[in-house]
Amino acid sequence: MAHSLQIMTWNIQAAIGTTRYSQYVTRAHHQVFNTSAKRSTLEKIAEIVSTHDVVCLQEVDLGGRRSGFACQAEQIATLSGHTHVAVQRNRTIPGISLHGNAILSRYALSNIHDFKLPGRVKGRGCLIANVQVGQGISVANLHLSLGRNDQALQLEAVAGHLPRQHPFVVVGDFNCTNSSTHLEAFAEANKARIANHPLLPTYPSWRPQKDLDHIVHSDSISIDQRHCLAHQLSDHLPVSAEISF
């Protein structure tokens, strides 16, 4: 019996809500302090993700000062109705922020695995969980570094944690385009496919030019209705898809 899931990946930029380049400077204080605007942004994000079964978030603040010492993943899940949450803390800036990834799900999560990715600068990670639908599907949520060499090392590390006889998806902010040779090599080595038709530029959200956010899936999975949602609540646009397995 075939099963399907609505899945989304979104770098939410800790609800800072940058909508033009100048705001990286003018909203720099949002990287340090909590604001009422962030609560409004989180509510809007929760409303958008509420229609999806599995939501993979990157650049989530898990309880730093800039989020009012509250876990943004838990706040979104409470508002969106996702009853299962897995979080991963990757970088701590004392007294300011707790950077991480999160998976929100309407279905139970098992075999949750949090592992850090190699790189010249520490603070990147991949969070894997088995979503309990049918025989289960492994969902890997990652946020890669900016440099090509680090990305290649990190994708190699991710490959070592993927199931071999089990459907999987790898989603997140790859910080590289789908034509990058190391991303193509990763997919080929793991008998996977990069969902890349049509091309979906996701960054910057106000004038998308680069496709940095991807869904890579095992051969046993098919993807339908893949598209970007035009919501400028972060510097990245969310990518949504229906997957069948």
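Guide: The answers below concern a predicted model.

Visitor: Let us begin with the open sheet of six strands. What is the strand order, and what is the pairing?
Guide: The order is β5-β6-β7-β8-β10-β9, and the pairing is mixed.

Visitor: Which strands stand at the edges?
Guide: The edge strands are β5 (109-116) and β9. Each has a single partner strand, so one side of each is left without a neighbour in the sheet. From one strand to the next, the twist averages 15°.

Visitor: How many bridges join β7 to β8, and do they run parallel or antiparallel?
Guide: Strand β7 (residues 137-143) is joined to β8 by six bridges, and the two run parallel. Ala 140, for instance, has Val 170 in β8 as its bridge partner.

Visitor: Now β4. Is it buried or exposed?
Guide: Nine of the nine residues of strand β4 (residues 97-105) are buried, so the strand is largely enclosed by the rest of the structure.

Visitor: Which residues of β4 point one way and which the other way?
Guide: Ser 97, His 99, Asn 101, Ile 103 and Ser 105 point one way, while Leu 98, Gly 100, Ala 102 and Leu 104 point the other way; all are buried. In a regular strand, side chains alternate between the two faces of the sheet.

Visitor: What do β3 and β4 form?
Guide: They form a hairpin with three residues between the strands, and Gly 95 in the turn has a positive phi of about 80°.

Visitor: Which residues have a positive phi although they are not glycine?
Guide: Ala 15 and Glu 59 are among them, with phi of about 65° for Ala 15 and about 55° for Glu 59.

Visitor: Where do they lie, and are they buried or partly exposed?
Guide: Ala 15 lies in the loop between β1 (4-11) and α1 (23-26). Its relative accessible area is 1%, so Ala 15 is buried, the cut-off being under 20%. Glu 59 is in strand β2 (residues 54-61) and, at 28% relative accessibility, counts as partly exposed.

Visitor: Which peptide bonds are cis?
Guide: Among them are the bond joining His 197 and Pro 198, with omega about 0°, and the bond joining Tyr 203 and Pro 204, with omega about -10°. Pro 198 lies in the loop between β9 (192-194) and β10 (213-218), and Pro 204 lies in the loop between β9 and β10 as well.

Visitor: Where is Asn 178, and what does it touch?
Guide: Asn 178 is in the loop between β8 (168-173) and α5 (181-189), and at 10% relative accessibility it counts as buried. Leaving aside residues up to four places away in sequence, Asn 178 touches Leu 183, Glu 184, Ile 194, Asn 196, Leu 199, Asp 211 and His 214.

Visitor: Lastly, the surface. Which residues make the nonpolar patch of about 330 Å²?
Guide: Tyr 21, Tyr 24 and Val 25 make that patch. Tyr 24 lies in helix α1 and counts as partly exposed at 33% relative accessibility.

Methods. Residues numbered from 1 in each chain as written. Predicted model: local features only at pLDDT ≥ 70, side-chain atom pairs only at ≥ 80, totals over all residues. Heavy atoms only, no water. Helix = DSSP H or I, 4+ residues; strand = E, 2+ residues; numbered from the N terminus. Buried < 20%, exposed > 50% of the residue type's maximum accessible area, 1.4 Å probe, protein only. Contact = heavy atoms within 4.5 Å. Pairing = 2+ DSSP bridges. Axes fitted to C-alpha atoms, helices over the stretch in contact; angles between N-to-C directions. Patch = residues over 30% accessible without salt bridge, like charges linked within 9 Å, V, L, I, M, F, W, Y side chains within 5 Å. Areas by Shrake-Rupley, 256 points an atom, 1.4 Å probe, with all protein chains shown as cover. Salt bridge = Lys/Arg side-chain N within 4 Å of Asp/Glu carboxyl O.
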